[in-house]
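User: I want to learn how to read helix packing and confidence in a model. Can you take me through one case?

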Amino acid sequence: MRIHIAASSPAPKSDTRATVGIDLGTTNSLVAFVGEDGTPHVISGPDGPLVPSVIAFGKDGELECVGCPANARLCEYPDRTIYSVKRMMGRGAEEVVAELGMLPYQVHRSAGSSAVRIEVCGRRFTPPELSAFVLRELKHRAEVALGKPVERAVITVPAYFNDAQRQATKDAGRLAGLEVLRIVNEPTAAALAYGLDKRPQGRIAVYDFGGGTFDVSILQLHAGLTEVLSTGGDTHLGGDDIDQLMVATIASQLADAGIDVRGQLELVQRLRQAAIALKIALSDADKASVQVDLRPLRQEPLQLEWQRADLEQLIAPIVERTLAPCRQALRDAGLQPSDIDEVVMVGGSTRIPLVRQRVQDLFGRPPHVEIDPDQVVALGAALQADIMTTGRRDMLLLDVTPLSLGIETVGGVVSKIIQRNSSIPASATEEFTTSVDNQTGVVLHVLQGERELVADCRSLARFIIPVAPMPAGLPRVAVTFLIDANGILHVTGRDVRSGTEKTIEVKPSYGLCDEEVVRMLTEAFDHAETDIARRQFIDARSEAQQVIHATEVALAGSARALIDDDEIDEINGELASLRASLATEHAEPVRAALARLNQATLHLAEVALAGALNAAVQNPAVEEALSHGPDPAASKPHHGPRLS
């Protein structure tokens, strides 16, 4: 399949090193490159363009083969032939519990970590190490075809891969001897291959249903710019789930007939391959049959006969699970299905007629299936690699971050710095101050999620920024979030006064799975009203506590002698009213009581401020800060977010 992308820039310069695009898939992987004419090509080997993401080991635990030869050994040596590794990339042991009953190999928790390791003949490998074997095979295939070293690559991942999963993919590339120029979302790569040259204007929905993951992205195309308006999906939903459901159904039917294949790893793998053959055949025919060798449990081959209607009835719930993220992505983009101009199908599972029909029903138009759904992502990755290495700038692609990122502020609330569905690369800076007098440091607690309170979001990292001791509200801490082109988050905290800063690359611990992403988004919508009300109360309570403290300090100081007893009685009455309003746990009465107290303390504030300024200049740190010239943040109270 060829796609022509017109290029107005000069032809790329020759390079002794090749740069390729790689689709590292759950079931199959591919490698592609862009020729000198700007046309992307998938590189084929002796067994065709698809390299099964399967790794086979010998009895000694040493690597024997990758791809088709390894896939052929799956039934004979199931305990040392590894597949579906992508579903474990960047995931914790507790997240793959559901997989273990269907996997013939051993999966363990790493010592001192929740990360997983796969055991083969006494040796243990991490998912990135195993994926690196597949990437090395693709690298070798490309070098043979191109006749020169391949050292750089763009690798694709599902749009809903979190930071840990993206980092694991980069690690796999590095272990394979590749410089990973960029991690690109699979639907976005498909848009490069499938949309830019055919429709320079319009909105496109990319429906990507692969072997192990599902993604949907809504894209806006205009004047060579591809902007991702929204994205959604499930990193734990794909053709593997269909295969497992078919195997479980067949195994149950066999058990009813007195043939129990449970615990028979080799026989289960034979059933799995038979189920895959049936699934593929039923994409083109109304009925199909396949024979399965069940020796020694049964001497004669088992004949499996399925109707397409049987398969569709069985897998309908799985197909329906893909439609909910589609509807959510449309809502996030502020669009209706009728606003979509084109629908693009990506991934081998989109060959299933029921999938195509349900997508057509949802969007109200036939989806595009002209490009081989197995190849389109690799072609797009090759185009992105070409853009990055040749200087072609005819097209620009903007990805998005799937979840909001922020930090914890006083009261356990989240101050979002980068909003969900922001285009990446992205950078944003906000300034914060302290909540306690003479703090020597502030804790930056980095969070991910859509809820308003820290307890409802995912913790990514914590680190401390030292600050000069000053009265609460005077220090200024600038917090910068930077999401690079690979979707990796970098956080910098800087004391504005001293210039002291600290930067970390957030590499979150394993634990955010697809169910949690969906749960976080669903709960954010379900609890939006109560979350906002709760946050408003917490913000009001924090301000009230600061005002109460400041008022009590002023009343205990020299300013008390400068106001009359009636004012003091009025202030004490409003203080009592404000304290009582906090028990309501609603923002409105607290704000009302605050307004009354502020009105009652106007005179007290004036006389207290005069005394406070005289005392403050005796503090060397404050004197130095004031000597830098006028500073609005230093000359009046800071009412923005405060750090603990």
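Analyst: Start with handedness. A crossing is right-handed if the near helix is turned clockwise from the far one by less than a right angle, left-handed if anticlockwise. Here α8 passes α9 in a right-handed crossing. Helices are DSSP runs (H or I, at least four residues), numbered from the N terminus. This is a predicted model: local features need pLDDT of at least 70, side-chain atom pairs count only at pLDDT 80 or more, and totals for chains, interfaces and linings use all residues. Residues are numbered from 1 along each chain as its sequence is written, and side-chain values use heavy atoms, without hydrogens and water.

User: What residues make the contact of α8 with α9?

Analyst: Contact means heavy atoms within 4.5 Å. Among them are Ile-315, Val-319 and Leu-323 of α8, and Leu-354, Val-355 and Phe-363 of α9. The contact residues divide into eleven nonpolar, no polar and five charged. Nonpolar covers Ala, Val, Leu, Ile, Met, Phe, Trp, Tyr, Cys and Pro; charged covers Asp, Glu, Lys and Arg; the others, Gly among them, are polar.

User: Where is confidence lowest, and where highest?

Analyst: pLDDT is the predictor's confidence in each residue, from 0 to 100. The protein's mean is 81, and 82% of its residues reach 70 or more. Helix α17 (residues 632-635) is lowest, at a mean of 37, and α9 is highest, at 96. Residues 1-14 stay under 50. Where pLDDT is low, the predicted coordinates should not be read in detail.

User: Is Ser-131 buried or exposed?

Analyst: Buried means under 20% relative accessible area, exposed over 50%, partly exposed in between (1.4 Å probe, protein chains only). Ser-131 is buried, at 5%. Ser-131 lies in helix α3 (residues 127-146).

Note on methods: Helices (H or I, at least four residues) and strands (E, at least two) are DSSP runs, numbered from the N terminus.
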